[in-house]
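Let's take a walk through this protein chain together. Have the viewer open and follow along from the sheet to the helices.

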Amino acid sequence: MTQTRAATLLTVLAALLSVLLTPTPAAAASLQEVTGFGSNPGALRMYRYVPDGLPAGRPVVVALHGCTQNAAGYAAGTGWTTLADRWGFSVVLPQQQSGNNPSQCFNWFQSADIERGRGEAASVAQMVDRQLADVSGDASRVYVTGLSAGGGMTAVMMATYPEKFAAGGVVAGLPYGCAQAAGSPYVCMYVGATQTPRQWGDRVRAARPGYTGPWPVLTVLHGTADYTVKPVNMTDLVEQWTDVHGADAAADVTDTVAGHPYQVYRGPGGGAVVETYSLTGMGHGQPVDPGSGPAQCGTAGAYYLDVDLCAAYRLGTAWRLG
């Protein structure tokens, strides 16, 4: 064997040895369906995302998709799973079934689904309990958010199970009890309901009789050009939850974030109880900011609107998930 051939063979063998000795990267976590999570009176499906190697004692985020969407699409489009890997928390993704609603909307407007211990609200609460048990999550750091009908159901969960959630994020959604106050979900969506702040707050208080707090903190993100769920619903959410927290509906901080108006409402103790992002010129959808920057997340598409602001990042920052 010539020296040249010997050298070539040694090089090949070295390369092969290097490949054999290099550890195979662990497969990335993926969305998994969970069954048997409770009596499930709302007949929902439960999916979850748990980053590989997630330690005990980490937060849990419940993310509720909008109409015509599903858990997997919402997980990826919003950026929540990306942030879960980056910051270390798990995500619960309830999924509606067409048998419950032909458009796969969560039934934020049906009395049987928005009361404590009943329907879809109870199903989501059972998912939270199962997730906390399975991952040894931090029960004091559970958060809920959703888009459109998922945003309406977010308000439902905050009102009916306030002891389970530290905060909520309503994206293009509606206040609790809006359909009942307006007499129709469509009036609520397109016109809004005529209620005083106290009346709005009373609807939340009636959902959990005798509960004295603490109530979840609220963040609302809504497009100014949303013609599916009118921006008046953000105003009504502010009135509802500032009243619940014993605050007035006058902003204590007015600023801009990524060029969009941002306001903070403080409670009697001085802490923020409600904050709002008014997305200038944005239609109906989830704000995203695709890219690899530290504040960027989400993927643009139908109902995932690139407005240079990622809702999941802003919510995660407010909730100190990072």
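Two strands count as paired if DSSP finds at least two bridges between them; helices (H or I, at least four residues) and strands (E, at least two) are DSSP runs, numbered from the N terminus. With that in hand, look at V62, which stands opposite V92 in strand 4. Strand 3 (residues 60-64) and strand 4 (residues 90-95) pair in the parallel sense over 3 bridges.

This is a predicted model, where local features need pLDDT of at least 70 and side-chain atom pairs count only at pLDDT 80 or more, while totals for chains, interfaces and linings use all residues. Residues are numbered from 1 along each chain as its sequence is written, and side-chain values use heavy atoms, leaving out hydrogens and water. The average pLDDT (the predictor's confidence in each residue, from 0 to 100) is 92 for the protein chain, and 91% of the residues score at least 70.

Now zoom out to the open sheet: 10 strands in the order 1-2-4-3-5-6-7-10-9-8, with mixed pairing. Its edge strands, each pairing on one side only, are strand 1 (32-34) and strand 8 (253-257).

Next, turn to helix 8 (residues 197-207), where W200, G201, V204 and A207 are buried (under 20% relative accessible area; exposed is over 50%, partly exposed in between, with a 1.4 Å probe and protein chains only). Seen down the helix 8 axis, the buried residues fall within an arc of 115° (taken from the directions from the axis to the C-beta atoms), so they line one face of the helix. On the other side of helix 8, R198 and A206 are exposed.
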